[in-house]
Each structure stands twice: as C-alpha cells, then as structure tokens.
Amino acid sequence: MERMSLSEKIGQMTQIDRSRATTDVMSNYCIGNQPKPGDRTPHNFSSRKWIMTINKLQEAALATRLGIPMLYAIDAVHGHNYAYRSTIFPHNVGLGIGAATALEARATGVRYVFSPTIAVCRDPRWGRCYESYSEDPALVKLMTETMIAGLEGDIPPNYSIKGVPFVETGQTKVAACAKHFVGDGGTSGGVDRGNAEMPWKELAAVHLPPYSTAILKGVASVMLSYSSWNGQKMHANRRLVTGLLKTRLKFRGFVISDFEGIDKIKDANYSYSVEAGISAGIDMVMAPYKFRRFIRTLTYQVEKGIIPMTRIDDAVARILRVKFTMGLFENPYADVEMGRQLGSQEHRELAREAVRKSLVLLKNDGPLLPLPKYGAKILVAGTHANNLGYQCGGWTMQWQGQSGNNITQGTTILSAIASTVDPSTEVLYSVDPSAELIELGNFSHAIVVVGEVPYAEFDGDNGNLTIPEPGLTTISNVCDRVISCVVVLVSGRPLVLEPHLLSKIHSLVAAWLPGTEGQGVADLLFGDWPFTGRLPRTWFKRVDQLPMNVGDRNYLPLFPFGFGLT
C-alpha cells in the first residue's frame, strides 16, 4: 500500500471487460480485475483455450511496476454456466452445488465467481426468483453456509478475526461473492431493480440474516443490488454498506458494484454517481467499457479532496487482502492440468443426483407414478421435452439463456426417457400433438413436459405467471385424451395451475430448471429412485394472493411450503 501511487490504487478498484483488456490498457491503467460477460464467451472455447487466454492477461498484470496479479471473475450461478461442455446443475430454487462448481471454474483458470445469490425471494413474480434458494430466511441461511464452504473451503476453527475473508489455497477453490446486498428479493410487486418498501425490522429479520452467515463463513466479497430500500439506491446507501455491512457486521472483504451499477445511481450526473458510490463504501467498481471515464472521474475527486485518500486506501486494502488470502500472489497462473475437471463424468453424476433430489412430486392420483418400463406405449409431448436450453434456463451460455440442443453437452428429458424404458416400449414424441394423433395412437401413458422459456433478471419479471403457450393447450389436449397423464413442469418458480388445469393432470412433477442432466428426471418417473424433494417456496392458487409466504396470517396456498409427496 505504501508503495502504490494513486493510479495504481484506482486500477485495483477497477474491473473492466476482457474485450477492453489489451496489454497497453493493463499496463497504463494498472487494471486489477476483469469480469467475463457470458454473451461474448466464445462458444467453442476449450478449457485449455480459457486458461491460455487468462494466463496471457495475467502476464500483462504481472508486468506492471508492482506486479499485482489480476483477479478474473465470472458468473457461475448453477455450475460454470458460461463454459462450453461444463456441467449445468439445477438452479438454486431446486438445489445448489458449490465444490464441483469451484472445480469447473478452476478448470478454465477462473479464480473468482459471482455466486451465490443469497436473496430471499418473497414474490415469485420477480425475474430472479429461481436464483434464490427459498422464501424462508432460515433455509437461505443454511444454503449460504454450505455453498460458500463448497466454493471457498471450510473456514478453520480458529481463523483470525470475524469477518476476515477465507479462500483455501491450492487448485480446487475460488473466491465467492454473496449477492445482492440487500433486500433485492423483497421489492414491491417483485420488480427487478425495484424498490423494497419495508421497515428496518423486516429488512433485518428476512433479508439480512444470510449476509451475517456469509461473513461468518469467510466470504471474500459482497455485491450490491441494483434495487433500492425505501427509495434509496443500495449503490449509494452509506448507512447500510459502510455502517451496517462493514462496521456493524465487521465484513473485511471487498464490496463490489453490480455491472455498471454505479452508472445507475443518477443517470444524468456521472460525477455525482461516482462520489456517492465510493463514499457509500463500494471498493471494486464494474466499469466494463467506460473504465477510462471512471478512472478519470475518481482521480479528479481524490486530487480535489472530494473523496478522501482514506476511503481509497480502505478499498484497496480490502481487495489486496482477498488476493493475498487466496494465494494469488504466490500462484497467479492457472494450471492446464485442471482442465479435466470441466464437465467430468463425476460432476455429471453429481448433477444427475441433484436433479433426483430436487424434483417435487405435487400430485400422483392412482398412484400413477412410477411408470412402467415394459410393454407400454408412451406419448412424450411438450416444448421442453427435447430442448436442452429450455431445460437449463437463464444464465446458461448466454445471460438470458437460449433454446436448442446444441448450446452445450447434456441429456434432454426425452432422450433420458428413451434410454430408460425397455426396447419393447414404444416412445413417440410430438411437440404439440393433434387430437387425431392422440386418439388414434392408443397410448397407455403420456408425459407432457412444458414450462417457461429461458429468462434472466428483469426480462423474467412476470405479473401473471401462467404456463406459456403452447404448454397450456398441450396439457389440455393430451391429458383430456390419455387416461394416464404425467405433467413435468420446467420452471423457475410456481406457476398458475388453478382453477381448472390441475384437475386434468393425473400426476404433476415440479422439475424447476434441472440443467444438463435430464436423466435425473427419468430416474424418478420410472421408479429407479424415489421422490424426496420438498417445496422451497409456497405454491400459490392465484396471482392476486402474492406476495404470500409461509408464516403469513392469511396463508391459503395450493401447496404449502415444504410440501412434497413420496
């Protein structure tokens, strides 16, 4: 710290896009951090190519005057979800995987992940609800504890001082980022980047506890939310960021803005936004493209005494503390030998197990499930039966996710069904079969796989939460005509099933967003494994009941929190 110039310090506080990270930029601006936006991830990058690219950038960082290593970051919210051939685990609404995600990130040279999301989603209309583990703060706390341990390693019993970040050195762990501080799951109407209108008592009781847990587990960083609390943007809330998070909760890692989050504090006044954000307590700023403007503005404000040097020194000390703790100075380069971890068979088996354990059986008249493997004639229908992209959801290879089976490697639900049944069983697939096909087919059973199309963040905000067409029509057409009809719902949240839809369905499975290993779905449909999953969210009857959460006074759900048949 004593050897660093102001420009070197501000360089450590700046995170830029990899597309802007030339050798000259790294050298001239002493850039210390880089995120990789997934929408520009080369689709065919092998693990070796990832590592070579990151190591080359690291060379540029180490060639600067003080040789401070660069920290390369990426979103890894349900596995290393921007890497081709990676294992895509179920989204957080179903289940979370930490240790394997860390290994797959390290397989490509990534040392810092923007994960886990520890929001407490209180309204499923929110487009990020599937990134939340639950509406219940206690369950989110439990998952926070285990996820951070999986990503960073178990903190030693007598480790230093409370709030000091911990990342296990070696080749298997990454620095984690708890996000998004705080109250993003409680905005009015479930509007992404909206306003959480609530008293301090509710914020502290519902939304804050996971952050206390994250700090105790040694989380390396905390990302701020785009949202506001009672009208004040979190990126400018000094009371909560410095007063609560850093001072009262004794967090000693670094606070990072969201993507261009500082720009959004006050759109028409960038200088004010920089001053407000840094003064609030932001240590590392995502300024992916306009980083020169950020550096120029902050430099001016420090030189003119608008931002005190003590604030800059606090930010840089926190960033360097994490880099030293994780062993980045001693081992700055990625190891090509780690590449074998990417999409390994062991991780795919783990993901398949995660799918089995996260599916929830909501209805099973008869009981219809498990289905027979032998001698049946099965109709498989629906938009989501043979679409790996739909199966994985948002944050998969691209920010918003995408449709198709060529986005990465995996097993669709349709192919899983075909490989599970006996050769004597006939399986016919039609996305949206006609009434004539169904009636003439003489099917003994039908499996309808429908749900939401991929989305992320505000693009997923949804005020009606109905099953998108042609899903509703397909369910009606098939279940009205086949006496044994199973519906597998692929979604990031509960969707409307009443007043008439549920009565048409004989067996209903909430599959959430299961990821690449669709075989886990077939494992349960055909009885190779039992259903054990329970609802992490309340399943509402009508949208006008929302927000409705377990413990509310007027709690009249379709399926209560914790429900699940075996």
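This is a predicted model: local features need pLDDT of at least 70, side-chain atom pairs count only at pLDDT 80 or more; totals for chains, interfaces and linings use all residues.
Residues are numbered from 1 along each chain as its sequence is written, and side-chain values use heavy atoms, with hydrogens and water left out. Local features need pLDDT of at least 70 and side-chain atom pairs count only at pLDDT 80 or more, while totals for chains, interfaces and linings use all residues.

The second largest pocket holds about 240 Å³ of space. A pocket is an open set of points on a 1 Å grid over the protein atoms alone, where a 1.4 Å probe fits, with protein on both sides within 12 Å along at least five of seven lines. The volume is the space filled by probe spheres set on the points, which are joined across faces, edges and corners. The lining of this pocket comprises 18 residues; a lining residue has an atom within 4 Å of a point. Val 93, Gly 94, Leu 139, Arg 534 and Pro 536 lie nearest the centre. Helices (H or I, at least four residues) and strands (E, at least two) are DSSP runs, numbered from the N terminus. The lining has 10 nonpolar, six polar and two charged residues. Here Ala, Val, Leu, Ile, Met, Phe, Trp, Tyr, Cys and Pro count as nonpolar, Asp, Glu, Lys and Arg as charged, and the others, Gly among them, as polar.

Ser 134 lies in the loop between β4 (112–113) and α5. Ser 134 counts as buried because its relative accessibility is 0%; buried means under 20% relative accessible area, exposed over 50% and partly exposed in between, with a 1.4 Å probe and protein chains only. A polar atom of the Ser 134 side chain lies 2.7 Å from the backbone oxygen of Pro 536. Beyond its neighbours within four places in sequence, Ser 134 is in contact (heavy atoms within 4.5 Å) with residues including Leu 139, Pro 536 and Phe 561.

Ser 358 lies in helix α12. Ser 358 is buried because its relative accessibility is 5%. Its side chain reaches the backbone oxygen of Ala 354 at 2.9 Å. The backbone oxygen of Val 355 lies 3.2 Å from a polar atom of that side chain. Leaving aside neighbours within four places in sequence, the contacts of Ser 358 are Pro 90, Gly 94, Leu 95, Ala 510 and Trp 512. Ser 358 and Phe 531 are 173 residues apart in sequence, yet their C-alpha atoms are 8.7 Å apart.

The UniProt record, in an unreviewed entry, lists residues 359–565 as "domain: Glycoside hydrolase family 3 C-terminal". Such annotations may be inferred rather than shown by experiment. The end C-alpha atoms of this span lie 10 Å apart. The span is 19% helix and 16% strand. Thr 532 sits in the segment after α18 (519–525). With a relative accessible area of 43%, Thr 532 is partly exposed. Its C-alpha atom is separated by 7.5 Å from that of Leu 565, 33 residues apart along the chain.

Helix α4 (residues 99–106) is mostly covered, with seven of its eight residues buried. Among them are Ala 100, Leu 103, Glu 104 and Arg 106. The cover over the buried residues includes β4, α5 and α12.

How values were computed: A polar contact is a pair of N or O atoms within 3.5 Å; within protein, one must be able to donate a hydrogen and the other to accept it, and residues adjacent in sequence count only if both atoms are side-chain atoms.
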